Amino acid sequence: MAPDPSLRPVSRRSPAARLRARAAACVDWLGEALYPGQCGLCLAPGPAICADCRADLAPLEHPCPTCALPLPVAGVCPACIRRAPVLDALHAGWAYAWPLDQLILAYKHGANARAERILAALAEQVAGRLVGENGDLPDLVLPVPLHGRRLRERGFNQSDYLARRVAGVLDVPLDTRGLRRIRATESQQALGRKARRRNVHGAFAWDGSSLAGQHVLVVDDVATTGATLAALAEVLRREGAARVEGLVLARA
Ligand SMILES: [Zn+2]
Ligand SMILES: [Zn+2]
């Protein structure tokens, strides 16, 4: 599987960069229309990502059930034993490693249509695992919201799109409006663990109908320290949610 140069992220959004990203996305969409039915990574005929390329994604070995940290043996990680974990479960598809990291960046910052198709297929795969585990399915699926300003800059919320796919596979309702980001936050990328927690503290609010007794599943592309999901879980529990789980494509 060779690296795909078209999956390079488009960095910081100057108007010219945005224009280029849109032009690239148009070319991509055109390509999709002309050559459908190919693996977006190796171009083998078939689905958006073929079985071989799926098998090449970096697995999470023995992920901790509540924070998805990979462990040498199956069990709960020391941090989750020390402090009650904020999520009841975190379902993560793979490790945040090549090529999944590049796909996520290409989609998030470049609206790359090929990356979008692949990530949709992968989100469906993670949701399918939940169905296969025969546990209780959530009552409601929620995407991690973007702040209005970021949404206007980017034009779409990648978590929204993934959450839609997850809700479809689970066949449970999706609510894209209830959770709101009420404060613009710095990008978490350059921050350490403590700074990340401070950065998202008080950044979210719930505007939807009552969550009393509900089992909710929050969907995002990546979890790093889990600070964002933790801040969301706090809000959702305050609104009465009985169980809060997370689902991400990748655990960094
Ligand atoms: Zn492939
Ligand atoms: Zn843990």
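Helix H5 (residues 113–132) packs with helix H7 (residues 158–170) at an angle of about 40°, and their axes are 8 Å apart. The model is predicted, so that local features need pLDDT of at least 70 and side-chain atom pairs count only at pLDDT 80 or more, while totals for chains, interfaces and linings use all residues. Residues are numbered from 1 along each chain as its sequence is written, and chains are lettered from A and ligands numbered from 1 in the order in which they are written.

**Exercise 1.** Work out how H5 and H7 are oriented to each other.

*Solution.* Start from the angle of about 40°. Angles under 35 degrees count as roughly parallel, over 145 as roughly antiparallel, 65 to 115 as roughly perpendicular and the rest as oblique; H5 and H7 are therefore oblique to each other.

**Exercise 2.** Find the residues of Leu-119's surroundings that are in contact with Leu-119.

*Solution.* Take two residues as in contact if their C-beta atoms, placed from the backbone, lie within 7 Å. Then leave aside the neighbours within four places in sequence, and Leu-119 is in contact with Leu-103, Ile-104, Tyr-107, Leu-162 and Leu-249.

**Exercise 3.** Decide whether Pro-72 is buried or exposed.

*Solution.* First locate Pro-72, which is in the loop between helix H2 (51–56) and helix H3 (78–82). Next apply the cut-offs: a residue is buried if 20 or more other C-beta atoms lie within 10 Å of its own, exposed if 12 or fewer, and partly exposed in between. Because Pro-72 has 7 C-beta neighbours inside 10 Å, Pro-72 counts as exposed.

Definitions and conventions:
Axes fitted to C-alpha atoms, helices over the stretch in contact; angles between N-to-C directions. Helix = DSSP H or I, 4+ residues; strand = E, 2+ residues; numbered from the N terminus.
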